[in-house]
Amino acid sequence: QELYKLIVSKAPQGIIDILVNSAGLKNGQEEKFWEFKVEEFDACIAVNAKAPFFLSRMIAKNMILNKVDGSIINIGSIKSFIGEASPYSMSKFAQNSLTKGLARMLAPYNICVNGISPGATNTNGLDNIFLSDTPNGRYATPEEIANIALLLASNLTRSMVGSIVVCDGGEMLQYRNNRY
């Protein structure tokens with residue numbers, strides 16, 4: 001509730017037309033399956049599934065109340081499609097379900113809900129990071145993911161409802177295959 005008040009206080013006239021749920025917590029992969037602690041599991045689910053659920057609900061109410069043609073965009077992960085015995089993969093799978101459910105529920109209010117599922121993304125700002133797990137041989141940049149979000153928030157994609165755009169450099173095409 002406090003976060004919602006802060007967001008609305010910064011929005012022009014308290015009206016919000018775009019929400020991007022982009023927070024994510026990755027605290028281990030399936031190799032850690034036997035060691036995950038309950039607290040680690042709960043923290044990952046709270047950030048990656050619970051927060052987008054409640055924030056989307058608050059912002060959607062604002063959009064409906066103000067009769068806004070809005071957009072909600074959830075940043076997921078290709079791990080939600082690949083599947084992995086980890087809280088991260090589970091939480092991102094849940095986020096896909098939220099994306100599709102909200103899309104169906106909010107479309108009659110002209111609120112367009114979609115998702116983006118990136119693969120490995122260079123969030124450290126390093127130049128030309130080579131990644132052997134992708135056909136294009138590199139990490140995505142945060143700007144590439146942001147550009148997809150801009151497209152999804154624009155009027156160019158109003159017929160995309162409940163879509164999840166994969167931006168992984170082809171990583172899922174060869175998941176766990178050794179190219180070299």
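This is a predicted model: local features need pLDDT of at least 70, side-chain atom pairs count only at pLDDT 80 or more; totals for chains, interfaces and linings use all residues.

Numbering starts from 1 along each chain as its sequence is written, and side-chain values use heavy atoms, with hydrogens and water left out.

**Stop one: the sheet.** Colour by secondary structure (helices, H or I, of at least four residues and strands, E, of at least two are DSSP runs, numbered from the N terminus). You'll find 4 strands in an open sheet, ordered E1-E2-E3-E4 with parallel pairing; strands pair if DSSP finds at least two bridges between them. Strand E1 (18–21) and strand E4 (164–167) stand at the edges with a single partner strand each, so one side of each has no neighbour in the sheet. From one strand to the next, the twist averages 15 degrees.

**Stop two: E1 and its partner.** Select E1 together with strand E2 (residues 70–75): they pair in the parallel sense over 4 bridges. Valine 20 has isoleucine 73 in E2 as its bridge partner, and asparagine 21 stands opposite asparagine 74 in E2.

**Stop three: the helices.** Show helix H2 (residues 38–65), which lies across E1, E2 and E3 and runs at about 175 degrees to E1. Angles go from 0 to 180 degrees between N-to-C directions, with axes fitted to C-alpha atoms, for helices over the stretch in contact.

Which residues line the largest cavity? Select Asn74, Gly76, Gln95, Asn96, Thr99, Gly115, Ile116, Ser117 and Ile164. A cavity here is a set of points on a 1 Å grid over the protein atoms alone where a 1.4 Å probe fits but cannot get out, and lining residues have an atom within 4 Å of a point. Helix H4 (87–106) and E3 each supply at least two of the lining residues.

**Last stop: asparagine 122.** Look in the loop between strand E3 (111–118) and helix H5 (142–153). Asparagine 122 counts as buried because its relative accessibility is 10% (buried is under 20% relative accessible area, with a 1.4 Å probe and protein chains only). Leaving out residues up to four places away in sequence, asparagine 122 touches Ile129, Tyr139, Ala140 and Pro142, contact being heavy atoms within 4.5 Å.

Methods
Buried means under 20% relative accessible area, exposed over 50%, partly exposed in between (1.4 Å probe, protein chains only). On a 1 Å grid over the protein atoms alone, a cavity is a set of points where a 1.4 Å probe fits but cannot get out, and a pocket is an open set with protein on both sides within 12 Å along at least five of seven lines; lining residues have an atom within 4 Å of a point.
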